[in-house]
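Here is a short tour of a structure, written for someone who likes to have the cut-offs at hand. Please keep the viewer open as you read.

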Amino acid sequence: MAEDIKVIVFKLGTEEYGIEVEKVQTIERMMPITRVPKTYSFIKGVINLRGVVIPVIDLRGRFGIEEAEHTDQTRIIIVNVNEMEVGFIVDSANDVIDLNRDIIDVPPDVVGGIKAKYLDGVAKIGDDRLLIMLNLSEVLNKSEIVQLESLEG
Amino acid sequence: MDMNQYLSMFIDESNDHLQSLNESMMGLEANPEDLSIVQVIFRSAHTLKGMAATMGFEDLASLTHQMENVLDLVRNNKLRMQDFIFDTLFKSIDALESMVEDITGGGAGKADVTEIVSSLQAIVRGEVPSAGNASAEVTAAASGNASAAQVFLDEFQYSVLEQSLQEGHQVLYVDVAIRKDCQLKAVRAYMVFDLLERSGEVVKSFPSVQDIEQEKFDYGFSLYYITQKDASEIQKMILNLSEIEAVTAVALDQESLRQMGQDTAAATAEAPAPAPVQEAAPVAAGNASPAASLHSKEENGKAAPARVGGSPSPSRTIRVDIERLDVLMNLFSELLIDRVRLEQLASEVQNGDLTETVEHMGRVSGDLQNIVMKLRMVPVDTVFNRFPRMIRDLAKSLDKKVDLIITGADTELDRTVIDEIGDPLVHLLRNAVDHGIESIADRIAAGKPETGTVQLRAFHSGNHVFIEIEEDGKGIYPKNVLASAVKKGVITQEQAGTMTDDEAYQLLFAPGFSTAEVISDVSGRGVGLDVVKSKISSLGGNVTIYSTPGKGTNFSVQLPLTLSIIAAMLVRLGSEKYAIPLSSIVETGIVKQSQIRTIHGNRMLEFRGSHIPLVSLSKIFSIPDYDESTEEETEIVVVRKGERLVALAVQDFIGQNEIVIKNLGKYLPEVQGISGATILGDGQVALIIDPNAFIK
């Protein structure tokens, strides 16, 4: 029996995603974002989080999903990975669950339109909920962004 | 006792004292007759000795003790300062420095200082009668009656006692015996002194206070004491302290005092002929002890106002982790946001008391802001202050005469830059003295004054701090540089032919390059300037050389005021706000659309008789809700990089503000034209424009 982990659950569209709780610094409501010109379209800008300037990216944009209007439910999840602090704009974030590592499966090639390399695995919770665990280091991999841009561009 | 908790304090304070020793010695060397400087040196050495002894660093303590002996003779006019004395004392300070360094590195502060100690002792020659003898005499005396005591008083102490008697004070001869089982007899003795000092003045003690501090006494000591209280009262007071075996306090009258004075005179007369130094011995013993504190205190009073160029009073500091300052800064920014909100709320509520309170809070937080921002800044003096000594030693070892003139030592730089800039500057200064300044003979031949001058200047200019090192030496000949570079294979002959003087100077920074014909141990190992260059570049700075052959060379180090606070002009572009560093702004103004011309496809503007490019920030930053080309008139900000100017078109000026530079985080790639971000009073982030990016 492998260890239990705590996971923050958030939504993009209808899909549910998970980030390990240790990597999450805080979850904030939507706040004013200062646009940073001449950068990738999914980088929405920077926010002032208690005196620290933190870049914010729209996770929908990052995964190539159509961006949505911000609502009351929209949240910014501040994660800290490899000493980088970055905010993710997500549709909603309102759950923390315990997950056993055993039930996380190797992800199929494409889940919800997201390339497999961004994923750590997929966990089936309950009867019909599927939780997609994100691989944050890959999501925040800069060299990969450049590649992505050049492919799109 | 666990001394670890005091160790860092000891190290900090020792370094301060060593620095002040160095500075004072330099001052004394320039002005050997000024005895007030000797007092300063003596005090530093004495404090250092006390601290070292307390912490158990015996070598340190004993070396300072020897230095004190020499200094004591000097300050009492028994010894004139001479070159070899200076050298020995400087050597001692160096030895002390290396010991303290060793302690800092976790060592025991041990060092072989016998050579220095013996040369110090040679200077003192006649030597103080050893502490052992003195205390033996005293213990013997203590058992007998007071008037028989073999305690010598010098003339000064004698007259002090006599005067006190005339003025109706009590002069007591006090004998204290501490219990044999006492663990910390020095501490007990200290307590006795402390007690006595509260209600009178200890004029002299045997053994000397120094020896008592170092526990160099048996279980008793005696002292002369001036007070208003009775002998019996004093006796009772001392007995109240624990671990005191016995106390005898005898009141002295004129008669017995005179007796004592004669004894002293006789003792001095008995001393054999080579008088000056020998005679100094008993006096030295007396004066070195705080028995003479009266004396030195008086001197201080007089000396302080007279001492103009002396070292400033040491600043009282504590050390704080820079990260904590960052946290403080961030917390403060939060406070600022709340303040702005409160102000808004107060203006809505319209309650007089509330408004007043909020206004007061605003003023206080304004002051707080200033202090928080200044915390990280440190004057360059903390780096500069060790250079005079270095230059002196260097000049001496090279047989040159060099004056170092420091200006702008109070220029402030961010702590992180200060920590890094020391080594490169040492390198440049060494170069200046070694390669720049000519030998005395050469200087005379060239019709220059014997003494070379090295100027070390620091000043703010725009967004940068400049540190310049300028000497009036032989200058750099581009020809020689090129020839040497070709010889060393740094460049080819063809390349050399096409190089300008400036490019030739830049070669000095190439790896593996050194122009010195003779390699000295000072510099010229060919690893110098390229290291300097890369270090300064890593700090985001730059080095430039200006040289006039035959006249001298100027190395100019440009450093950014990183991580710090700058004054900036806030401008609006549509719904967005940007900050432009004030330092690069030449002026602001309004131009009419008709004044903008298109030259060769570029939009230009006539500005003070020349044409400068007009840059549209709204286009470059693709501002969604503003475009100046639709307006009749446009606000412009003219910025400068070196000689070149550019006008930036903006929508509105918001005002001038002190802003804290923050980076954009590691995730964001470099954005051209943006150097960072800052948090405005309302909590919003504004981007800082890097005007240099628009000038190519």
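A:Ile43 is buried because 22 other C-beta atoms lie within 10 Å; a residue counts as buried with 20 or more other C-beta atoms within 10 Å of its own, exposed with 12 or fewer and partly exposed in between, the C-beta atoms being placed from the backbone. This is a predicted model, in which local features need pLDDT of at least 70 and side-chain atom pairs count only at pLDDT 80 or more, while totals for chains, interfaces and linings use all residues. Residues are numbered from 1 along each chain as its sequence is written, and chains are lettered from A and ligands numbered from 1 in the order in which they are written.

A:Ile43 sits in strand E4 (residues 43–49) of chain A; helices (H or I, at least four residues) and strands (E, at least two) are DSSP runs, numbered from the N terminus. Leaving aside residues up to four places away in sequence, A:Ile43 touches A:Val36, A:Pro55, A:Ile57 and, from the other chain, B:Leu668. Contact here requires C-beta atoms, placed from the backbone, within 7 Å.

Now to the two chains together. In total, 25 residues of chain B are in contact with 23 residues of chain A. H14(B) gives the largest share of chain B's side, five residues. The elements that each supply at least two residues to that side are these:

| Element of chain B | Residues |
|---|---|
| Helix H14 | 322–349 |
| Strand E21 | 674–679 |
| Strand E22 | 685–689 |

By class, chain B's side has 14 nonpolar, seven polar and four charged residues. Ala, Val, Leu, Ile, Met, Phe, Trp, Tyr, Cys and Pro count as nonpolar, Asp, Glu, Lys and Arg as charged, and the others, Gly among them, as polar.

The largest nonpolar core has 79 residues, and A:Ile77, B:Ala647 and B:Leu648 have the most contacts inside it. Such a core is a set of buried Ala, Val, Leu, Ile, Met, Phe, Trp, Tyr and Cys residues joined through C-beta atoms within 7 Å. Strand E12 (residues 565–573) of chain B gives this core its largest share, six residues.

How values were computed
Contact = placed C-beta atoms within 7 Å.
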